[in-house]
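Please look at the sequence and the model before reading on.

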Amino acid sequence: MKYVLKKIITLIVALLLISLIVFLAFSVLPSDAAIAKLGQNATPERLAALREQMGLNQPVFVRYFVWIGNAFRGDFGQSLQYTGVSVNSLIAGRLGNSALLSLISFIMVIVFSIPIGIFSAKRRTVVGKATMTTVTQLTMGIPSFFLGVLITYAFSLGLKWFIIGQYTPPAKSFGAAVVYLIFPALAISLPKIAMTVKFLATSIRSELHKDYVRTAYAKGCTRNQVLYGHVLKNSMVPVITFLGVIVAEIVAGSIVVEQVFAVPGIGTLLITAITNRDYPVVEAVVLLIAFFIIAINFIVDMIYMAVDPRVKL
Amino acid sequence: MKRFKTIVSILIALVTVAALAACGNTTPEPTGSGTQSGGGASTGREASNTVVVGISQELDSLDPHNAEYAGTREVLFNIFEGLVKATPEGEIEPAVASDYKIADDALSITFTLRDGVTFHDGSAVTAEDVKYSIERYADIQGEESAFSNIKDIVIADDKTVVVNLNEPSTEFVYELTCAIVPQANEANFATSPIGTGPFKFVSAAPGENLIVEKYDGYWKEGFPYLDGVTFQVVTDAKMAVTYLNAGTIDIYQYLTADQAGTVNGNYNILEGSVNYVQGMFLNNAKAPFDDVRVRQAIYYAVDRDMINEMIFGGKSHIIGTNMIPAATKYYNADTETTYTHDVAKAKELLAEAGYPNGFTFTITVPNNYAPHESTANIIADNLAEVGITAKINLVEFNTWFDEAFVGRNYEATVVAVDGRLAPSTFFDKNVSTASNNFTNYNNPEFDKVYAQATAEVDPDKKVEYYKQLQQILADDAASIYVQDPSNLVAVNANLEGYVFYPISAQDMSVVKYK
């Protein structure tokens, strides 16, 4: 309980620090939302009027404290770019898409990497080893956005399995959304699958050399009994931590891949908001992502404790 | 250790955000695709008589009076109309008004409202709505704008509205393309807008799309042809090419020659122009650009045809002054040949000005339009031939705006400037006292002729003054005006009727399936 409390305090402090850093970063960047909005039509008078309307004429710290005060009450304010649209509604409309994309990506990582990892740890022939290393290294080396472009060419322009840019939100048709998201999920998860396979295989192999394995063989266990009954459980402990990092990377990776596949998620929202200096939106999205990543780490720690009783938190 | 991991994870997230802020689009260029012969893209939309138009900019507001982006005005053109509206020829025709008359002294304009014009909710357009709309727009535009010339707006009777002006102007009527909106809908302008145009608003998702459908009560018989249009945001032109090839969108504009070349045979590529004055703008207050001989030398050194050929496959219109050729009535074509590519002449002028060995300066280029950077590179190569070293500084558009346009802290910059229907909007930025005179151009003769041009009532004399203004800018080499870039538009081969406007407009009311 004390641990949970400590974690929650850390979480709040971390979020506060992050929000301050983002705020300060925006005050250092040249230009602001008023300029982004007016463009070449701006005259100094209109800029001044718009800045006043947006509240940009106040000093950065005043703006920060006003903003953080409202944020505590769950009100993230109005978007500066889209007149009359609240940040909450912008995020609410997109969060589902991003969450679904991340979920599908994560499921793909688990479903593919665990069997392949075990398989590659078992097969230790020279050819098998070489093939495995080549494939994993190659997949790990391709950036997700580029993989996204390749997938678009192969499956949309070539095979016509999906129409790029024609995404149906899950609220309209859950099935259609999942089918569309499989392709960006593939782009996100392929490099992660390769990493997890490599990590898992290494972990299994290092366990195989431990004393308890010899004991297990000595008491008459078959190879599969040793592997699934003893080794796998022990080798999963570091993998769980690794999967925590993978989830964080999936969230980060989806920011770019959403762009390539035109999925209206929080990633696309974040990028346009940065370009338009729409700081209330950027703040809210960054906080959301940070919160999510800290939460994932918390969950990983909990699982860790459950799996390995030696771990005292 | 675990705390370390948490910190690392957060740092990764932050770095990703920062990296994205720095690099923006990272999509690699598509590597061509096979062309298919025959008809248009089979999208299934033909059956429902709808089209999807890819738009390169997000919509900043659905309220037509608050919309700032050219990309937004281009879309809202289909939902809203003013007393008058623009024609493809760059003129105006009556819309919500059926007729207008400019008084002989040019101090007032009398509008007769058209019978049977209704808002999308079915209510009739009243004289009060007209007065309210113009006043609201004027208020938003502020004191500096052309709208400050309005003295008052008088409702003479139910069908007649008189706009009185402070200063005589025959051009002000061009500004009255501003949208007429129903006062009753004031609370919902930004969320569910209502206008009088050929299409009515259905829904909008910020940053994603805007959906409109045919307005059955449109005053112009027989229009629009289409039952519905979806405007889908596709900010990256290379991505748009992929969408075109996949049949996701039917129409996309502002393609470069290279991009258009990779679009498959299901689309026709139409050629228009973007109606921008693109060139290298010079800070006339900074040495050595304060010397007219240096500016002229640069003009002689720059090979405008080479720029056109290399970037737009020769399809742009070479210009020599701050005006677009599409404004046929006012455009002075003589300025195109005021300077020719003449290296010897350039060297001679440089020597005369005291720079026989050239000099070094920086060209600031905003990153919002790829051809600007290519143009700057070619100019730098051209200038190297006469001994001038030009360094290129690529900056984010917002930075450019802050430092170059507002702060006027630059030497030279490759950008494009535009104007509206009223010809004066192309020249007001060269008036020495103008707040948007970012080139610091200062010529009393220009200021004098500008004042005469805007005040002139006689149409022929007005044309003469504007042509004279263009020649002054050319002779002074106020800036190095290069071209009105070509605008290549991919249109589904099954569609017909797409037209170009000299303003930001994509008129979907005249587009139909063959």
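Which strands of chain B does helix H9 (residues 370–384) of chain B lie across? The model is predicted, and in it H9 of chain B lies across strands E13 (277–282), E15, E16, E17 (412–417) and E18 (480–484) of chain B. Helix H10 (residues 397–406) of chain B lies across E15, E16 and E17 of chain B. The table gives the angle of each helix to one strand.

| Helix | Strand | Angle |
|---|---|---|
| H9 of chain B, residues 370–384 | E16 of chain B | about 165 degrees |
| H10 of chain B, residues 397–406 | E15 of chain B | about 125 degrees |

The sheet in chain B is open and mixed, with six strands in the order E14-E18-E13-E17-E15-E16. Strands E14 (317–318) and E16 (389–395) of chain B are at the edges with a single partner strand each, so one side of each has no neighbour in the sheet. E16 of chain B runs parallel to E15 (residues 360–366) of chain B, and seven bridges join the two. In one of these pairings, B:Thr360 has B:Thr389 of E16 as its bridge partner.

Chain A has 12 helices and zero strands. Of its 313 residues, 43% are buried. In chain A, helix H1 (residues 2–28) and helix H4 (residues 60–72) have axes that come within 11 Å and cross at roughly 140 degrees. The crossing is right-handed. H1 of chain A contributes A:Ser19, A:Leu20, A:Phe23 and A:Ser27 to the contact, and H4 of chain A contributes A:Val60, A:Tyr64 and A:Ile68. By class, five residues of this contact are nonpolar, two are polar and none is charged.

Conventions: Residues numbered from 1 in each chain as written. Chains lettered and ligands numbered in written order. Predicted model: local features only at pLDDT ≥ 70, side-chain atom pairs only at ≥ 80, totals over all residues. Axes fitted to C-alpha atoms, helices over the stretch in contact; angles between N-to-C directions. Helix = DSSP H or I, 4+ residues; strand = E, 2+ residues; numbered from the N terminus. Left-handed = near helix turned anticlockwise from the far one by under 90°. Contact = placed C-beta atoms within 7 Å. Nonpolar A, V, L, I, M, F, W, Y, C, P; charged D, E, K, R; others polar. Buried ≥ 20, exposed ≤ 12 C-beta atoms within 10 Å, placed from the backbone. Pairing = 2+ DSSP bridges.
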